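Please consult the sequence and the structure shown here.

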Amino acid sequence: MAWTAHTIIQNGKAIPFEEARIHPLAVGVAYGAAVFEGIRAYMNPSTGRLSVFRLEEHLARLDQGMKFLRFDDPPSRDALRQGVLDSVRANAPDDDCYIRLQVHIESRGSQATTGKVGWVCAATPRERSPQRESGLSVCVSSWTRIADNTMPARVKATANYHAGRIATLQAKADGYDAPILLTRDGKLSEAAAACLFLVRDGALVTPGRDSDILESVTRDTVLQLAAEHGIPAQERRADRTELHVADEVFLCGTGQELVPVTSVDRLPVADGRPGPLTMRLQAAYEAVVRGTTNAHAEWRTPVI
Ligand SMILES: Cc1ncc(COP(=O)(O)O)c(C=O)c1O
């Protein structure tokens with residue numbers, strides 16, 4: 001992780017990283033009127049080349065968010081795609097990058113202001129989860145996941161993150177690595193910034209899209225890889241106590257990648273060690289994001 005980010009793209013222009021600006025009273029800050037994507041670019045160890053993983057899916061989700069937030073004259077998909085690639089190229093990283101692409105209202109106004117819209121794209125180094133191999137100790141939070149008719153759960157709006165933030169701070173204060181959030185009716189939903197999978201009787205179980213989840217790109221990747229590896233999977237409502245009878249539990253997301261959970265509320269998951277299916281899927285994920293397999297070349301956009 002030797003490189004540092006010196007350049008950021010703001011409204012399509014490359015500028016020094018520390019010189020990006022937005023007014024503190026901008027509606028994007030004052031009312032959290034912003035949507036974003038967290039994206040990763042991975043280095044292929046043989047070619048030394050970076051490619052962005054599932055860029056088109058991230059751009060499509062961002063478009064849905066901008067539409068939902070009724071942004072005026074939002075940046076085009078082509079401009080944002082170019083911004084992502086430029087943010088990586090401009091910094092000439094010699095390792096993987098985490099890319100934050102954010103679109104916000106940069107003018108001042110009221111809660112109902114819908115423009116002027118601005119955007120920023122930053123590629124930075126990011127540590128991988130230190131628990132990728134050892135596993136996470138999680139708790140079930142007393143905070144519930146935002147309900148879809150309170151906040152738009154399937155839109156990646158910055159304001160949604162307040163709930164995950166307080167749940168994470170509480171979990172850490174209580175000595176856990178991360179929280180799992182339930183829906184308002186007590187079913188499993190997801191973690192603070194990652195989706196949730198269980199393994200039961202050799203099959204994957206993940207809370208369905210009707211469980212107030214973010215419709216995660218990584219969750220979709222895991223489901224596709226599982227199908228290709230002959231691992232059955234169910235997307236369905238899932239109970240809290242299933243966490244305690246599961247053979248394996250793991251979290252997945254662009255930032256977290258694929259991380260085993262080894263205890264829930266201090267009860268070990270099975271024998272308290274990362275499970276075999278989890279680690280098999282983690283290896284399959286690693287191969288597909290990095291391009292050490294030829295499979296799914298369509299998911300990798302080369303940064304040239
Ligand atoms: C609340 C939430 N759920 C799930 C995820 C996983 O989504 P993705 O796989 O698209 O990164 C994220 C990712 O940041 C998230 O913030």
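The side chain of T254 has an N or O atom 2.6 Å from a ligand oxygen atom, and a polar backbone atom of V217 lies 2.8 Å from an oxygen atom of the ligand. The protein covers 96% of the 380 Å² of accessible area (Shrake-Rupley method, 1.4 Å probe) that the ligand has on its own.

## Basis of the model

Residues are numbered from 1 along each chain as its sequence is written. The model is predicted, with pLDDT of at least 70 required for local features and 80 or more for side-chain atom pairs, while totals for chains, interfaces and linings use all residues, and side-chain values use heavy atoms, without hydrogens and water.

## Ligand shell

Around the ligand are 15 residues (a heavy atom within 4 Å), of which K156, Y161, S216, T218 and T254 come nearest. The shell comprises seven nonpolar, four polar and four charged residues, with Gly counted as polar.

## Domains

The domain assignment, automatic or from a database, gives domain 1 (7-124) and domain 2 (136-290). Their centres, taken over C-alpha atoms, are 26 Å apart. The contact (heavy atoms within 4.5 Å) takes 24 residues from domain 1 and 21 residues from domain 2.

Terms used. A polar contact is a pair of N or O atoms within 3.5 Å; within protein, one must be able to donate a hydrogen and the other to accept it, and residues adjacent in sequence count only if both atoms are side-chain atoms.
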